[in-house]
Amino acid sequence: MSAPRLLIISFSTIRADARLLKQIARLRRDFAVHTVGYGDAPDGVSGHLQIPDEFPIWRYDRLAVLLRRYRRAYWSNPAIAAAVSGLAGTQWDLVLANDVDAVGLALAQESVHGVHADLHEYAPRQKEDVRRWRLFVAPFVRWMCRTFVVRADSVTTVGQGIAQEYERRYGIHAGVVTNAAPYADLEPTPVAAPIRLVHSGAALRDRNIVAIIDAAEATSADVRLSLYLTPNDPGFLEEVRARAEASARVELHDPVPYVELSRTLNAHDVGVHLLPPVNFNNTWALPNKFFDYVQARLGVIIGPSPEMARVLEEGGFGAVADGFDAPALTRLLDGLDAERVRAWKQASAASARDLSGEEQAERWADALAALLAAPSKRTRR
């Protein structure tokens with residue numbers, strides 16, 4: 001008996017999209033997976049429709065959006081139009097739409113058992129700190145939510161706070177599949193003297209990296225800070241490099257491939273991440289690096305971000321600063337000692353399996369299995 005046919009739609013470069021790769025890796029065990037997205041076909045799929053790179057999904061007809069002719073703006077988008085053309089005449093057992101832009105297209109497909117929408121953040125407030133986006137784009141995104149997303153047969157998103165907001169605003173009941181890192185078979189390393197702090201990720205000004213440096217230099221605790229930063233903002237990265245070269249406590253390293261990240265981080269003691277709540281999604285973020293630190297068997301220090309704090313406190317593998325600035329982090333670091341960090345690292349090891357990407361991916365499989373088990377829903381919406 002042939003496996004059911006699943007179409008996964010994502011307007012991202014799928015081979016470079018960690019969430020999509022986890023999704024495909026799990027679901028291809030149960031389905032013949034076909035994909036729509038940018039770039040070459042991801043490994044292990046049965047078919048792939050490549051959207052031309054010259055058709056970025058964000059390029060909606062500006063005048064149509066300004067005039068609130070949203071249906072025209074959506075279906076005239078070149079990326080969506082290319083997908084419509086490429087999918088003409090196809091039939092599927094299920095369709096999985098990744099993010100809000102893909103849901104309308106998914107609903108238009110011939111699908112026996114319906115559509116699952118996986119929402120990677122709270123889309124209506126994605127860039128609410130940018131005035132132009134808030135005034136002109138946000139109403140269009142809200143239209144997609146109330147026109148398309150509310151019609152999906154099941155929904156998941158990345159965190160509980162975001163799920164609650166979708167339900168409060170649109171009546172969408174969403175399960176949660178976090179952006180957890182793959183399970184790493186590692187043990188906590190002995191706590192070093194000085195204690196080894198680490199931060200990995202993008203070199204961007206809004207990631208509070210300067211505050212982490214300031215706190216590492218100001219604390220009375222014996223610590224050293226390692227930074228593994230990707231060159232997203234080369235100018236800012238050079239500023240960080242100058243700070244590190246002038247500091248006895250800070251080292252800037254070249255970024256490492258993601259497959260090597262857990263083992264690289266494992267040589268440290270505490271992962272630090274202070275994400276300022278500049279918009280709704282930052283406020284409720286539960287980012288990859290949080291889980292990277294757990295898989296590396298590190299203690300974790302964060303700012304008072306409610307979703308990260310909830311997971312951290314449940315696992316007992318770190319501490320929450322009382323603010324997002326350098327003085328708040330300094331106050332927390334001042335109380336740091338080897339015994340406390342050792343307990344965090346052991347708690348992180350105890351939480352690693354439950355907080356792994358493999359465990360989270362089962363929730364996608366469960367959601368799709370429930371749709372397959374239900375009566376046939378439609379041929380086309």
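Visitor: Which residues is Asn282 in contact with, leaving aside its neighbours within four places in sequence?

Guide: Contact means heavy atoms within 4.5 Å. By that rule, Asn282 touches Leu275, Pro276 and Pro277. This is a predicted model: local features need pLDDT of at least 70, side-chain atom pairs count only at pLDDT 80 or more, and totals for chains, interfaces and linings use all residues. Residues are numbered from 1 along each chain as its sequence is written, and side-chain values use heavy atoms, with hydrogens and water left out.

Visitor: Is Asn282 buried or exposed?

Guide: Buried means under 20% relative accessible area, exposed over 50%, partly exposed in between (1.4 Å probe, protein chains only). Asn282 has 16%, so it counts as buried. A polar atom of its side chain lies 3.1 Å from the backbone oxygen of Pro276.

Visitor: Where does Asn282 lie?

Guide: Helices (H or I, at least four residues) and strands (E, at least two) are DSSP runs, numbered from the N terminus. Asn282 lies in helix 11, residues 280-283.

Visitor: How many residues of helix 5 are buried?

Guide: Seven of the eight, in residues 100-107, so helix 5 is largely enclosed by the rest of the structure. Among them are Val100, Val103 and Leu107.

Visitor: What is the strand order in the open sheet of six strands?

Guide: Two strands pair if DSSP finds at least two bridges between them. Here the order is 12-11-10-13-14-15, with parallel pairing. Strand 12 (250-253) and strand 15 stand at the edges with a single partner strand each, so one side of each lacks a neighbour in the sheet. Strands 10 and 13 pair over two bridges. Val198 stands opposite Gly271 in strand 13.

Visitor: Which strands pair with strand 1?

Guide: Strand 2 (residues 32-38) runs parallel to strand 1 and is joined to it by six bridges. Strand 5 (residues 94-98) also pairs with strand 1 in the parallel sense, over five bridges. Leu6 has Val33 as its bridge partner in strand 2 and Leu94 in strand 5. Strand 1 (residues 5-13) is mostly covered, with seven of its nine residues buried.

Visitor: What covers the buried residues of helix 14?

Guide: The cover includes strand 10 (195-202), helix 8 (209-218) and helix 15 (338-351). Buried residues of helix 14 (residues 326-334) include Ala326, Leu329 and Leu333. At its start, a side-chain oxygen of Asp325 reaches to within 3.0 Å of the backbone nitrogen of Ala328.

Key:
Polar contact = N/O pair within 3.5 Å; in protein donor to acceptor, adjacent residues only side chain to side chain.
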